[in-house]
Amino acid sequence: MAGQLIRGKDLSRSIELVGDLCIIGSGAGGAVLAARAVEAGRKVIILEAGGLFRKDRFRMLESEAFTDLYQDRGARQTADKAITVLQGRTVGGGTTVNWTTCFRTPERVLDHWRAHHGLETWTSEVLAPHFEAVEKRLNIRPWPEALANENNRKLLSGGRALGWSVSSTRRNVLGCVNSGYCGMGCPVEAKQAMEPTYLADALAGGATLITDCLVKKLLREGDEITTAVGQLHQEASEAERPYQVKVRAKRFVVAGGSLNSPALLLASGLDAHGRVGRRTYLHPVIGVGGRYSEPVQGFYGAPQSVTSHQFAEAKEGEMGFFLETAPVHPALSASVFAAFGGELSETMSQLDHTGVLIALHIDGFLPDDEGGTVRLVDGRPSLHYPVRPALAAAFRESHKRLAELTLAAGATEAFTMHLDPERMRSKAEIAGLDQRDYGAFEHPIFSAHQMGGCTMGPDSATSVVDEQLKIHGLTNAYVVD
């Protein structure tokens, strides 16, 4: 039985629906659950705040992609404006705009969860068949080194020259043409995101998907959620339309992502122990650029196909990080290069000879690292994320390693993104980074990985959901992010 796709932007009246399961969010969590629930015979209704965009709408233009596909048109930031948060707002969520890098949860992370958060049942043995099923459905496989673009080859060759551990990433693609525009939606639908895979499965099995519908509140009676109340919007816009969607169901799943899910629970008064929104993590990202005598053209080819976890396991009391590449598309690059006016014009004129390597910092594992907190401000999520001393110290260390790697890869110059960039042409000059300031507003900081916000654990006093993802204190509501 085919399902129903309702584009909220086209509805001309309010509607009410009844189902077995209402899922709020169509990204990596909500879509997989929807497909499996339909398979089990449930009547599933999916509410998605973003619009539906498919390959015919993906024209590989940053100006359109950030407007159509990202939260706050790509300008979402932490409350103090120090960290830019790249997060999907479209059918398929972040899977529509991510760069197709796929890792299983590392064993050391599972060990930490068990040791510090009481998650005894979350073991690699339990998770293995689930990982295998997802990897099969999304065609997750290693990307051949021979197909790596020049930007990723710099990471590969530089890392090997230094004797560091480097490897190809695994990517969720099928028939990839290596265009390099993954962050703008795949124009050939090779990316095995949620929309052409699990959401297609769910719709084919009878699910209903309503787009352009921002859920504002969950209504509660006793220990049950009874109704989800959504407001229709213009497509890819904050502009509200004068119509609502109400869904009554036996069970509800919040799957809006690590900022939006806490915001919805807070707006609904579902924070009995004051834990909603806490322990939100970002894998904060900083980068180092490199100038090369030969063309790099990092705006073409798979954005990420090589990685190094050489420094993921840091010394006690320090924060680890892993290394990847970032595409050097014009708008994204111009937003991080510390240049203005004529200097920016000169910098951008050298874009085809510029590579960018990034470090993603593994927050949340140090004893005093509580990450950030999502709060509700004027009905919207507001993330307060302090840059603590351990993170600032990790920024300095990762900058050194990125600069070393960039020069080892053959760059004529490595440069930071400080307002007054540190420029290094030899390994000896890297020592100058010890004199630079690191932290909020000292250099650009980004996040494309938002995690936590609805912490899992057996104790309702310290967590939001239990090990089965059910919200503490409710019998029929879950968070799946």
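Cysteines and aromatic rings

Mentor: The sulfur of cysteine 182 lies 6.1 Å from the closest cysteine sulfur, that of cysteine 176, which is too far for a bond, since a disulfide is a pair of cysteine sulfur atoms within 2.5 Å. This is a predicted model, in which local features need pLDDT of at least 70, side-chain atom pairs count only at pLDDT 80 or more, and totals for chains, interfaces and linings use all residues. Residues are numbered from 1 along each chain as its sequence is written, and side-chain values use heavy atoms, with hydrogens and water left out. Cysteine 182 has a relative accessible area of 10% and is therefore buried (under 20% relative accessible area, with exposed over 50% and partly exposed in between, for a 1.4 Å probe and protein chains only). A search of the whole structure finds zero disulfides; cysteine 102 is in none, the nearest cysteine sulfur, that of cysteine 182, being 11 Å away. Cysteine 102, at 18% relative accessibility, also counts as buried.

Turning to the rings, the structure holds six aromatic pairs, a pair being rings of Phe, Tyr and Trp (its six-membered ring) with centres within 6.5 Å, stacked if the planes are under 30 degrees apart, edge-to-face if over 60 and tilted for the rest. Among them, phenylalanine 66 and tyrosine 70 have ring centres 4.9 Å apart and planes at 40 degrees, so this pair is tilted, and both residues are buried. Phenylalanine 103 and phenylalanine 322 have ring centres 6.5 Å apart and planes at 80 degrees, so their pair is edge-to-face. Phenylalanine 103 counts as partly exposed at 43% relative accessibility, whereas phenylalanine 322 counts as buried at 6%.
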